[in-house]
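Hi,

Here is the model I promised to pass on.

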Amino acid sequence: QTITPATMEVALLTVQPGAKSRLTTTDGYEMKYVLSGACDYYIGEEHIRLERGDAIYFDASKPHMPVNRGHEPVVMLVIYLLTMK
């Protein structure tokens with residue numbers, strides 16, 4: 001069995017009210033867990049509503065971005081899993 005080398009990075013992401021980033025892509029995969037607040041998350045053509053306690057895991061090579069249309073900051077735990085080439 002071959003194991004693909006990978007790196008993992010962990011971060012806290014805060015998305016302020018009214019904030020909208022631009023679509024992004026990265027190599028590897030991402031997992032996001034909402035610690036507080038709620039936001040809309042776009043992955044490719046898919047739209048997902050995330051609220052406190054929700055998590056998503058996706059291929060980060062697909063264009064993605066969070067949009068906070070609420071009145072409170074959204075705080076997410078983000079885990080990046082990047083494969084080594």
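Before you read on, a word on the ground rules. This is a predicted model, so local features need pLDDT of at least 70 and side-chain atom pairs count only at pLDDT 80 or more, while totals for chains, interfaces and linings use all residues. Residues are numbered from 1 along each chain as its sequence is written, and side-chain values use heavy atoms, with hydrogens and water left out.

Now the overall picture. In order from the N terminus, the elements read β-β-β-β-β-β-β. The C-alpha trace spans about 50 × 25 × 15 Å along its principal axes. Of the 85 residues, 28% count as buried. The chain exposes about 5,700 Å², and carbon and sulfur atoms supply 54% of that (Shrake-Rupley method, 1.4 Å probe; for residues, only the protein chains shown count as cover). If you take contacts (heavy atoms within 4.5 Å) between residues at least 6 apart in sequence, 74% of them join residues at least 24 apart.

Back to Asp40, which lies in strand E3. Its side chain makes a polar contact with the side chain of His47, at 3.0 Å. By polar contact I mean a pair of N or O atoms within 3.5 Å; within protein, one must be able to donate a hydrogen and the other to accept it, and residues adjacent in sequence count only if both atoms are side-chain atoms. Leaving aside neighbours within four places in sequence, the residues in contact with Asp40 include His47, Ile48, Met65 and Arg69.

His64 is another one to click on. His64 sits in strand E6 (residues 64-67) and is buried, with a relative accessible area of 4%. A polar atom of the His64 side chain lies 2.8 Å from the backbone oxygen of Lys62. Thr25 is partly exposed, with a relative accessible area of 46%. Leaving out residues up to four places away in sequence, Thr25 touches Ala60, Ser61, Lys62, Pro63 and His64. The C-alpha atoms of Thr25 and Arg69 are separated by 22 Å, and the two residues are 44 apart along the chain.

Next, the aromatics. How many aromatic pairs does a search of the whole structure find? The search finds two. Rings of Phe, Tyr and Trp (its six-membered ring) pair if their centres lie within 6.5 Å; planes under 30 degrees apart count as stacked, over 60 as edge-to-face and the rest as tilted.

The Tyr29 and Tyr57 rings have their centres 5.7 Å apart and their planes at 10 degrees, so this pair is stacked. Tyr29 lies in strand E2 (residues 29-36) and Tyr57 in strand E5 (residues 55-59), so the pair ties together parts that are 28 residues apart in sequence. Tyr29 counts as partly exposed at 36% relative accessibility, and Tyr57 is exposed at 53%.

Tyr41 and Phe58 form a tilted pair, with 5.8 Å from centre to centre and 50 degrees between the planes. This pair links distant parts of the chain, with Tyr41 in strand E3 (residues 38-43) and Phe58 in strand E5, 17 residues apart. Tyr41 is buried at 0% relative accessible area, and Phe58 is buried at 6%.

One more loop residue: Gly28 has its place between strand E1 (6-15) and E2. Gly28 counts as buried, at 12% relative accessibility. Apart from its neighbours within four places in sequence, Gly28 is in contact with Asp59, Ala60, Ser61, Leu81, Leu82 and Thr83. Gly28 and Ala11 are 17 residues apart in sequence and 16 Å apart in space, C-alpha to C-alpha.

Cheers

Technical notes
Helices (H or I, at least four residues) and strands (E, at least two) are DSSP runs, numbered from the N terminus. Buried means under 20% relative accessible area, exposed over 50%, partly exposed in between (1.4 Å probe, protein chains only).
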